[in-house]
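Trainee: Could we go through this structure together, starting with how its helices pack?

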Amino acid sequence: MSDASPGGALLTRTQHRLRPDATRTVCRLFVPGQETLIRGGSRAMAVIDRVLKLSDQEVETALARTLARFSSRHRDLAQTLEQNFRLVAHRLGPGITVGASRRQLIGAYFTQEYALEAAALFNPSIVEHPDQKGCLPGEVRFAMSLRAVGEGHLSSIEFRSGTIGGKSGIRLDPPGRFLDTGSRRPVSYDRAIFADKLAELGHTDENARFLWTRLPSRFTAAELDAVLAELSGQHLTREDSAALADRARWLVASTYSVEFGEDRALSERVLWPAGPAESHGMEDARFVRFNDGEGPVYYATYTAYDGSQVAPHLLETTDFRTFTVSPLSGPAARNKGMALFPRRIAGRYAALSRWDRESNAIGYSDDGHRWSDAVTVQAPAHPWELIQLGNCGSPIETPAGWLVLTHGVGPMREYAIGAILLDLDEPEHLIGALAEPLLTADDSEREGYVPNVVYSCGSMLHDATIVLPYGCSDSSVRIATVNLSRLLERLTLG
């Protein structure tokens with residue numbers, strides 16, 4: 001949609017379009033009998049036994065063929081095969097040793113390529129890149145997150161980069177060839193945040209109180225295991241502690257850090273589901289550059305999906321190389337679509353919430369992890385949004401107020417992008433809202449995995465232009481630009 005009234009277009013589509021690329025693959029552990037879509041008993045030992053029976057010549061020939069076919073597609077494939085062998089080596093039993101080639105071949109039988117975005121690539125967000133070295137005057141480098149979907153409808157988070165130049169000319173960098181899911185690192189845990197989340201999950205009894213009296217204010221997984229062992233040892237007088245222990249370990253496993261090597265380009269870094277809360281996907285990351293005087297940090301809320309339930313989780317990074325992942329708690333941190341404001345308001349973190357699944361609301365937090373009740377600021381009112389509303393990413397601060405791009409769902413489950421304006425000091429106060437959509441899918445955008453959808457997880461302001469990347473029918477990504485002054489005029493004058 002492009003408004004051609006006097007003064008220039010309100011919204012203009014650019015020619016950029018990102019489509020799914022099935023050649024973008026990562027190597028993942030593969031356990032025969034426990035495939036993604038067909039659950040069953042492991043056939044690991046049977047496969048290992050067959051490899052052990054191969055002659056040395058058969059091993060060398062099979063490994064050489066494997067490396068010849070796949071080495072050009074992955075960085076250091078031999079190391080990956082060795083790593084996957086180590087994950088299943090316990091199956092060999094004591095006293096069995098194998099040479100380097102057979103180890104790698106066993107690893108190859110327990111490795112598969114996974115095409116991250118073969119099914120879909122969509123729902124982007126965009127922020128200023130933390131590294132602006134080399135930019136020309138008037139130019140800014142950006143980082144863009146994308147939701148990638150592969151086999152089994154498993155969602156992960158990918159990235160792209162590029163620059164926005166004079167007159168908001170946009171250039172996308174070519175993506176890197178070798179994708180990497182990083183290395184998981186242990187973290188320490190905040191007792192108060194941990195306790196609130198477990199209470200939200202129903203654990204408030206004397207067993208939970210026992211846990212909190214034994215753990216320090218910040219604790220490690222080893223310290224938690226020690227206290228849980230103590231709790232288990234008192235099972236005769238403390239019944240039903242097993243459920244608490246399982247949930248506590250689940251929460252620890254859902255809170256972690258992942259680190260990427262400095263030599264990995266941003267477009268080669270993939271945030272892959274690593275915790276039980278997100279075992280079936282990390283969906284719709286909404287990144288924001290957060291800065292309220294203490295130096296910039298990047299946050300992103302995303303939807304963790306475990307196959308039956310969804311929950312908002314938080315990503316935190318300063319450099320897009322090391323990310324910390326943690327669950328959120330509280331009434332405003334329910335359902336999908338949370339988006340943080342880019343600074344504190346009156347000393348508190350603020351976020352857009354869709355706690356009731358259909359309205360735009362505001363919630364607050366003292367620490368960014370535990371969230372208050374949400375206050376509804378916009379409910380479905382116009383025909384194109386009567387099914388539900390939500391946000392299209394974090395608010396953009398302007399002199400006129402907080403600009404929020406929204407999405408609405410109307411007849412035939414058609415998604416459209418709109419906009420509202422909130423008061424800077426009291427964002428619960430709605431200043432204005434577009435009566436008609438800012439953007440709907442045109443004929444080239446309507447067909448796809450989920451048809452008739454335009455959707456964004458975040459835009460950014462450059463000079464007087466909003467750069468708006470958006471997903472098209474869950475199948476591709478386009479970029480539009482929006483004239484800020486004309487949009488604000490629509491929102492303030494009606």
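Trainee: Which way does α2 pass α4, left-handed or right-handed?

Mentor: α2 passes α4 in a left-handed crossing, where left-handed means that the near helix is turned anticlockwise from the far one by less than a right angle, and right-handed that it is turned clockwise. Helices here are DSSP runs of H or I with at least four residues, strands are runs of E with at least two, and both are numbered from the N terminus. Before we go on, please keep in mind that this is a predicted model, in which local features need pLDDT of at least 70 and side-chain atom pairs count only at pLDDT 80 or more, while totals for chains, interfaces and linings use all residues. Residues are numbered from 1 along each chain as its sequence is written, and side-chain values use heavy atoms, with hydrogens and water left out.

Trainee: At what angle do α2 and α4 pack, and how far apart are their axes?

Mentor: The angle is about 55 degrees and the axes of α2 and α4 are 9 Å apart, the axes being lines fitted to C-alpha atoms, for helices over the stretch in contact, with angles that run from 0 to 180 degrees between N-to-C directions. α2 and α4 are therefore oblique to each other; angles under 35 degrees count as roughly parallel, over 145 as roughly antiparallel, 65 to 115 as roughly perpendicular and the rest as oblique.

Trainee: Which residues meet there?

Mentor: From α2 there are Asp56, Val59, Glu60, Ala62, Leu63, Thr66 and Leu67, and they meet Ser101, Arg102, Gln104, Leu105 and Ala108 of α4, contact meaning heavy atoms within 4.5 Å. Sorted by class, this contact of α2 with α4 has six nonpolar, three polar and three charged residues. Ala, Val, Leu, Ile, Met, Phe, Trp, Tyr, Cys and Pro count as nonpolar, Asp, Glu, Lys and Arg as charged, and the others, Gly among them, as polar.

Trainee: And what about α5 and α8, at what angle do they cross?

Mentor: Helix α5 (residues 191-200) and helix α8 (residues 241-253) cross at roughly 125 degrees, and their axes come within 11 Å. α5 and α8 are therefore oblique to each other, and α5 passes α8 in a right-handed crossing. On the α5 side the contact is made by Phe194, Lys197 and Leu198, and on the α8 side by Leu244, Arg247, Ala248, Leu251 and Val252. The contact of α5 with α8 has six nonpolar, two charged and no polar residues.

Trainee: Is Arg247 buried, partly exposed or exposed?

Mentor: Arg247, which is found in helix α8, is partly exposed, with a relative accessible area of 29%. Buried means under 20% relative accessible area, exposed over 50%, and partly exposed in between, for a 1.4 Å probe and protein chains only. Leaving aside neighbours within four places in sequence, Arg247 is in contact with Leu198, Leu201 and His203.

Trainee: Switching to α3, how far does it reach, and which of its residues are buried?

Mentor: Helix α3 (residues 77-88) has twelve residues and reaches 17 Å from its first C-alpha to its last, close to the 16 Å expected at 1.5 Å a residue; the expected span is 1.5 Å times one less than the number of residues. Its buried residues are Leu77, Thr80, Leu81, Glu82, Asn84, Phe85 and Val88. What covers these buried residues of α3 includes β2 (25-29), α1 (44-53), α2 (56-70), α4 (100-109) and β3 (111-115).

Trainee: Now a strand: where is Leu468, and what does it touch?

Mentor: Leu468 is in strand β28 (residues 465-472) and is buried, with a relative accessible area of 0%. Leaving aside neighbours within four places in sequence, Leu468 is in contact with Leu11, Leu405, Leu439, Ser456, Ser459, Arg478, Ile479, Ala480 and Val482.

Trainee: What about the loop after that, where Asp474 lies, between which strands is it?

Mentor: Asp474 lies in the loop between β28 and β29 (476-483), and it has a positive phi of about 55 degrees although it is not a glycine. Asp474 is buried, with a relative accessible area of 13%.

Trainee: Last one, how far apart are the C-alpha atoms of Val258 and Arg184?

Mentor: They are separated by 4.3 Å, although Val258 and Arg184 are 74 residues apart along the chain. Val258 is found in strand β11 (residues 256-259) and is buried, with a relative accessible area of 7%.
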